[in-house]
Amino acid sequence: MNNNYKKNEFRPIIGIDFGTTNSAVAYIRNKKPQILESANGGRVIPSVLLIDLGDNVVVGKDALDSLVAMPDRTVAAVKRRMGSNNPIYVSGRDLLPQEVAALILKELKKSVDALFGEGEKEAVITVPAYFTDAQRRATKQAGELAGFVVERIINEPTAAALAYGLNNLKKDGHILVYDLGGGTFDVSIVELMSGILEVKASTGNNFLGGEDFDWKLVDWLANKIINMHNVDPRGDIRAKALLKKEAENIKIKLSSEETVKIIIPVVTVKDNQPIGLSTRIKRREFVNLIDDLLQETIELTKNVLKDAELSVGDIDEVLLVGGSTKIPRVYELISDLFDKNPRDGINPDEAVALGAAVQAGLKSGALPTSELIATDVAPFSMGVAVLKEWKLSRLKPGGFAVIIPKNTTIPVTRSEEFTTTYDGQTEVSIEIYQGEHEWVSNNHKLGEFLLGGIPANHVGKEIIEVKFRYNLNGILEVQAECVSTGKEMTITVQDALDRGSQKSFEESMEKIKSIYKEREEEIEDREDIIYSDEDIDDEGIDSEQSWESLIEEADTYIKQLNELKGIMEEKQQKQADKLIRRLRKAIENENDVQAKIEDIIDFIIDLTL
Ligand code: AMP
């Protein structure tokens, strides 16, 4: 690393874009947001986790490459599952979505630590504008489990707007953010008013993105092979993986070239003969393939305008975000719809992370805040428990009286007046909740306190004023005052977003630590054993699976490898024979079978990719 970060120059806070497909980290350097490259030089890394056979945690490209070969050890697109309590089975463990996300974020933290030194780091993490309270909380927890102090969770479109520079955001107006990534499409309208940014409306499709374009191309390539050789390569899992990879490469090339030549020497095997493909595709043909999907994004863009009660003419700036907006047809469609060119100058893959870094910089003081207070809205409603009319006008405790409604621009202070509920009442319990349900039992409790010293009086005669102050860091201050006496009490809910139970947080932390600890212990154990290359003791791994199913799996791979010999060069055939011999020997010794199967899988993948 050759960054000239000077110690104590400013408090390093970083911005994180934790994406469905890719993630990125950015920080402020010389008053400008800048992407922090990972150790291997990548600016964005795939948000994919692999816990490999040796219990190593692998994140990024290598994990992505293992998705097909080791589906039960790999997790992709965990962002879609944030906020759910359903565990994800990975490598023999049940991990919660935020735990998987934490392992991915831990990898990002490595590059941060390489720049700023080890230890806790403050971070701003972005989430889609439509993320619920539970999803935001899970994201925040993932960040904390990864070793970050999560200062703010901000909306992705707000971050994108910030990335386009504070100088560009001086005029009040409306910004449309069209975000087409690998797996999701979001379109939002952000309003800039008196220096405050607020998401006015947001919509999208959680299952529409670059991956779908890749699959359209896979079908196109497969149909070519079916027409020529009468065999559908999609029936062969390795061929399908190969075509998917090729399709993405072709798609990316078509963003800069009008025609792309396709030469794939071996896609699959038929009657022991390799089947390849040699053809070409024009950009126009590709656009036709994905046209209906692009039209859907345009319809959703029109819908978001309707939701915000705006017309295309009311939009002052259009921002393109997400890797898939590099497709020239997207640019054309958006330019046509708005009759103006979208802004360019920022890599759409990086805009959200850069914007998160701007927010982080505003917070740390690395950027001046005088001109603009970037903000977001309260992601959920906050209020207190009250008596509420129930059936036939009967009053029932546990109703939810909202004081700060969801989507209120923050920071905000709001107050409401309540009265005593029975004759002679001298104290009142203030129970603070957040959530959207009219009954508090369905919402989440943030805190509770008792305001005493109320003069005994008739029901409804004493007025209690409850004031909520909610700041940009998610800190909620609640004050209750008996109006007739001026007696008041205040409590602070340190972080209203941070309301996951401490116990479950600690459990998750232990689980994550144990993943790394198991690995360390395993290495120590192995250091005690002197073994030959041929004879690695992997008993623990083998015992995960029943012996019969392991032998069945071994047979399948031996068969596959033998079938593939038809397409191998002589040297590869020899290597294949050696791998088969090693696997047979492992079966004979009832030892190390899984590792030998994995060697064959690796060989097959290398052969076909
Ligand atoms: P994101 O989720 O924003 O990181 O976007 C990732 C998606 O963008 C993947 O589906 C990529 O294949 C796609 N992508 C990246 N670069 C290009 C490009 N130049 N042209 C078309 N799609 C691209």
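**Close-up 1. Asp271, an exposed loop residue.** With 68% relative accessibility, Asp271 counts as exposed, because the cut-off for that word is over 50%. Like everything shown here, this view comes from a predicted model. Asp271 sits in the loop that runs between strand S15 (259-270) and S16. Take a look at its backbone too: phi of Asp271 is near 45 degrees, a positive value in a residue other than glycine.

**Close-up 2. Glu590, in a loop between two helices.** Here the loop lies between helix H13 (570-589) and helix H14 (593-608), and Glu590 is found in it. Glu590 has a positive phi, near 50 degrees, and is a residue other than glycine. Its relative accessibility is 56%, so Glu590 counts as exposed.

**Close-up 3. Aromatic pairs.** The model holds 3 aromatic pairs. One of them joins Tyr27 and Phe116 edge-to-face, with 5.8 Å centre to centre and 85 degrees between the planes. This pair links distant parts of the chain, 89 residues apart: Tyr27 is in strand S2 (residues 22-29) and Phe116 in helix H2 (residues 97-116). Tyr27 is buried, with a relative accessible area of 3%, and Phe116 is buried at 12%. Another edge-to-face pair is made by Tyr130 and Phe131, at 5.9 Å centre to centre and 70 degrees between the planes. In that pair, Tyr130 counts as partly exposed at 32% relative accessibility, while Phe131 counts as buried at 5%.

Methods
Residues are numbered from 1 along each chain as its sequence is written. This is a predicted model: local features need pLDDT of at least 70, side-chain atom pairs count only at pLDDT 80 or more; totals for chains, interfaces and linings use all residues. Side-chain values use heavy atoms; hydrogens and water are left out. Helices (H or I, at least four residues) and strands (E, at least two) are DSSP runs, numbered from the N terminus. Buried means under 20% relative accessible area, exposed over 50%, partly exposed in between (1.4 Å probe, protein chains only). Rings of Phe, Tyr and Trp (its six-membered ring) pair if their centres lie within 6.5 Å; planes under 30 degrees apart count as stacked, over 60 as edge-to-face and the rest as tilted.
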